[in-house]
Amino acid sequence: MAPKLITLLCLGFCLNQKICTHVGAQDEFSLSAWPSPLVPLGGRVTLSCHSRLQFVMFTIFQTTGSRVRELYTGLSNHVTINPVTPGHAGTYRCAGIYKHTSKQSAGSKSLKIIVTGLFTKPSISAHPSSLVHTGARVSLRCRSPLAFDEFVLYKEEHTQHSQQLDEGMEAGSHHVQAVFSMGPITPAHAGTYRCCGSFNHSPYEWSAPSDPLDIVITGKYKKPSLSTQVDPMMRLGEKLNFFCSSEISFDRYHLFRDGVAHGQWLSGGQRHSGAFQAHFSVGPATPVPGGTYRCYGSFNDSPYEWSAPSDPLHLCKTLRVLLCHSWNPPLNLTPPWQTQSPRKATGWMKRALQRKRHRR
């Protein structure tokens, strides 16, 4: 059987303390899990049976394959499972006994309880970048050294929507990878994503979730500007100072190096020369501090929608401790003693050495 790729773009696992219910217009019962039907191994979950009618007793059933097990029967409409084990993974329903007739009601719709943490977590990445313009496309890749039969991609805090595909799995010599294509990107795609892996013989037992990956929409606000103060004779162990300035008073400023978050996030910016400015101190300087830097601005009430990126700021290493900076494109960084006359080059080197001794 060919492996399947399961894409849950909006997973109804009600993360962050939200109740997940399955209820229809004519349903007498619904079953919910709190805080989520996605439960880590050793965690706890409360199953609650909801009804508009009055009953004497409530019953919660677990279905595993063809086997049906009565998990709970009692006056209370809920039961807490603690700690959760692999044996608790499966499909659940609830029913009740009518107060006046002693007749058992029809069962609720099924609710799947998924136990996570049974296997090592996969990794997740975005290509070409997790920072995406509206209308662009992005691929999310879930990768694992374990030969999972299925990968599940889910976005936190949204309702369930699933789709099964028979292609999209890629097998390497030491890994299996699933590629999830998204786009054209809209603000609805922005958010935090994770992925898990599972095997066909135990579909309700998943790996630990991957680390979170934020998909951010850029270009909503006017771009800030990025500058730095680079000393031509900067020594190893010293810090680089970046300044992200904007006419807009963003709540947060973000510094990226070669497309990867770099440096600290600064909440708010201070007024400087008519603009709001955030200061990033990066370092100490490493042997290779070069790269292309950009900064962004955002607001707390829309954390996944950022400004357009600043113009790129290039830092490149020319000598052992000599740094240069320029804007698109980088400057020609040929050392002065290779382009100037011997007398001028000697004078440049003397002044540099005197400056270095003075700093010591």
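These are my notebook entries on a predicted model.

**Aromatic pairs**

I looked up the aromatic pairs and found 13 in the structure. I took F148 with F199 as an entry of its own. Their rings form a tilted pair, 5.0 Å centre to centre, with 45° between the planes. I then placed the two residues. F148 sits in the loop between β13 (138-144) and β14 (150-155), while F199 is in strand β18 (residues 191-199). The pair links distant parts of the chain, 51 residues apart. I checked burial as well. F148 has a relative accessible area of 2%, so I list F148 as buried. F199 is at 17%, and is buried too because the cut-off is under 20%.

Next I turned to F256 and Y296. This pair is edge-to-face, at 5.6 Å centre to centre and 75° between the planes. I found F256 in strand β23 (residues 252-257) and Y296 in strand β28 (residues 291-299), 40 residues apart. Both F256 and Y296 are buried.

I also noted one aromatic cluster, formed by F119, F148, F151 and F199.

**Nonpolar cores**

I looked for the largest nonpolar core and counted 21 residues in it. The residues with the most contacts inside this core are V138, L140, F151, L153, F180, Y193 and I215. Which elements give two or more residues to this core? I listed β11 (123-127), β13, β14, β17 (176-182), β18 and β20 (213-221). The most comes from β17, with four residues. A second, separate core has 20 residues, including Y72, V79, Y92 and C94.

**Salt bridges**

My count of salt bridges came to five. I wrote up three of them, one by one.

D211 and K121 meet through their side chains at 2.7 Å, N to O. I placed D211 in the loop between β19 (202-206) and β20, and K121 in the loop between β10 (111-116) and β11. The pair therefore ties together parts that are 90 residues apart in sequence. D211 is partly exposed at 46% relative accessibility. K121 is also partly exposed, with a relative accessible area of 39%.

R194 and E156 form a salt bridge, again at 2.7 Å, N to O. R194 lies in strand β18 and E156 in the loop between β14 and β15 (161-165), so this bridge ties together parts that are 38 residues apart in sequence. I recorded R194 as partly exposed at 22% relative accessibility. E156, at 17%, counts as buried.

E305 and K220 make a salt bridge at 3.4 Å, N to O. E305 is in strand β29 and K220 in strand β20, so parts 85 residues apart in sequence are tied together. K220 is partly exposed, at 47% relative accessibility. I looked up the surroundings of E305 too. Strand β29 covers residues 302-307. Beyond its neighbours within four places in sequence, E305 is in contact with P187, I217, K220, Y221 and S298.

**Backbone checks**

Where did I find cis bonds? One runs from N82 to P83, with omega near 0°. P83 lies in the loop between β8 (78-81) and β9 (90-98). Another cis bond joins H127 and P128, with omega about 5°. P128 is in the loop between β11 and β12 (131-133).

I then looked at phi. D258 is not a glycine, yet its phi is positive, about 50°. I found D258 in the loop between β23 and β24 (260-261). At 49% relative accessibility, D258 counts as partly exposed, because exposed means over 50%.

Definitions and conventions:
Residues are numbered from 1 along each chain as its sequence is written. This is a predicted model: local features need pLDDT of at least 70, side-chain atom pairs count only at pLDDT 80 or more; totals for chains, interfaces and linings use all residues. Side-chain values use heavy atoms; hydrogens and water are left out. Rings of Phe, Tyr and Trp (its six-membered ring) pair if their centres lie within 6.5 Å; planes under 30 degrees apart count as stacked, over 60 as edge-to-face and the rest as tilted. Buried means under 20% relative accessible area, exposed over 50%, partly exposed in between (1.4 Å probe, protein chains only). A nonpolar core is a set of buried Ala, Val, Leu, Ile, Met, Phe, Trp, Tyr and Cys residues joined through side-chain atoms within 4.5 Å. Contact means heavy atoms within 4.5 Å. A salt bridge is a side-chain nitrogen of Lys or Arg within 4 Å of a carboxyl oxygen of Asp or Glu.
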